[in-house]
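Dear colleague,

Please find the structure below, together with its sequence.

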Amino acid sequence: MAEEKTDLKNLTQDELVEFVESLDQPAFRGRQLLAWIYKAGITDFAQMSDLAKEFRLVLAEHARMSSFNGPLIEVSRDGSVKFGFSLDDGYMIESVLIPEEDRCTLCVSSQVGCAMGCHFCLTGDMGFTRNLNRAEIINQVCAVRDWLLAEKTSAEKTSAKKISNIVFMGMGEPLANMDNLLPALAILTEQRGLNISPRRITVSTCGLVPQMLELGSQTNNINLAVSLHAADDATRSRLMPVNQRYPITELLDACRNYPQKKRQRIMFEYTLLAGINDSDETARKLAELLSDIPCKINLLSMNEGGGEKEFRSPPHDRVLRFQKILRDANYSVFIRQSRGADISAACGQLASSADYADDADKKQEKKDKQKMHPSFAI
Ligand code: SF4
């Protein structure tokens, strides 16, 4: 049987060094490879001009560099861009590029589907299929970077320039995929890799407490966002099953213990659902709960295209009132506009290949396929 080639996109710098050493090459060749793959964006060993020809032939025999080709692309009226990437096993994942005046954020996926089952989220509705490997995480960034470079020279310009920030807020719970998340973060931040400052990377979680602490101890300066969405356990458990395992007190204790640099803040995400978690009393309770945690709060209105139909977004004056109560308690509170809602790219709307399938049968087939895999127990 033919040897399966190693996908170099799955390897961190240290692992690339080990890999080249296993091919009787000096360690620095591994670091050179990393720079060719990410800094130069080369996908063909033949073009790695400072590597000996014999070594390039050996590499071509034992290794490959995967990439995402021909993504499905939808551009929103507000300028955000949704990318649908086809995986080798036929599943699709999505990433969303959100250009703003002072930054250009790429929201990446970490799993196909999600096991967490948050009731306001369409991805949660899909159930869990599988974790993305490191290359599948990294290739979302590489493909969008290449697309932006190509756009610069095409007639159809977008307002987006260069990816400045990465958020793990796409499909999946990133902290349920630590084995791939941590090496992917290393590749994203390595100087010879994608060289993105950890301060510009945010990992979002629905509240997996042990993994939050592991992320804090294994990385340096990576921002943490926590989906909170309620100020009491009964409401949070109703919205997010994970709360039954890690209730609010435990979750907020983990936030207090998350290592942060002086000016760093945990970002609490709070989706306002009319009549459920948007009252004055809830805002006051929230202010009390977070009082000793250095944090910022993002308020989002429910995207009515995602999750259970009973959920509605509150009127805007209610959102403003909720914000005012928190601001009066000295919190930095931002009302986040939903971006990409017209292309189902807003928070809670990412739902994989069903959006792209060209007929109803295919949509159903894809949905069934993705629902076949049972969620892991949390
Ligand atoms: Fe999963 Fe996040 Fe959706 Fe919850 S909100 S189901 S953690 S993707």
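Is Arg 103 buried, partly exposed or exposed? Arg 103 is partly exposed, at a relative accessible area of 38%; here buried means under 20% relative accessible area, exposed means over 50%, and partly exposed lies in between (1.4 Å probe, protein chains only). Its salt-bridge partner is Asp 102, with the closest N and O atoms 4.0 Å apart, and Asp 102 is exposed at 61%.

The model is predicted: local features need pLDDT of at least 70, side-chain atom pairs count only at pLDDT 80 or more, and totals for chains, interfaces and linings use all residues. Residues are numbered from 1 along each chain as its sequence is written, and side-chain values use heavy atoms, leaving out hydrogens and water.

Across the whole structure, the search finds 13 salt bridges, each defined as a side-chain nitrogen of Lys or Arg within 4 Å of a carboxyl oxygen of Asp or Glu.

One of them joins Glu 94 to Lys 82 at 3.6 Å, N to O. This pair links distant parts of the chain, 12 residues apart: Glu 94 lies in strand β5 (residues 92-99) and Lys 82 in strand β4 (residues 81-86). Strands are DSSP runs (E, at least two residues), numbered from the N terminus. Glu 94 is buried at 0% relative accessibility, and Lys 82 is buried at 1%. Both residues belong to a network of salt bridges that also includes Glu 74.

Another salt bridge pairs Asp 7 with Arg 64, at 3.9 Å between the closest N and O atoms. Asp 7 in strand β1 (residues 6-7) and Arg 64 in strand β2 (residues 63-64) are 57 residues apart. Asp 7 is buried at 8%, whereas Arg 64 is partly exposed at 36%.

With kind regards

Conventions. Helix = DSSP H or I, 4+ residues; strand = E, 2+ residues; numbered from the N terminus.
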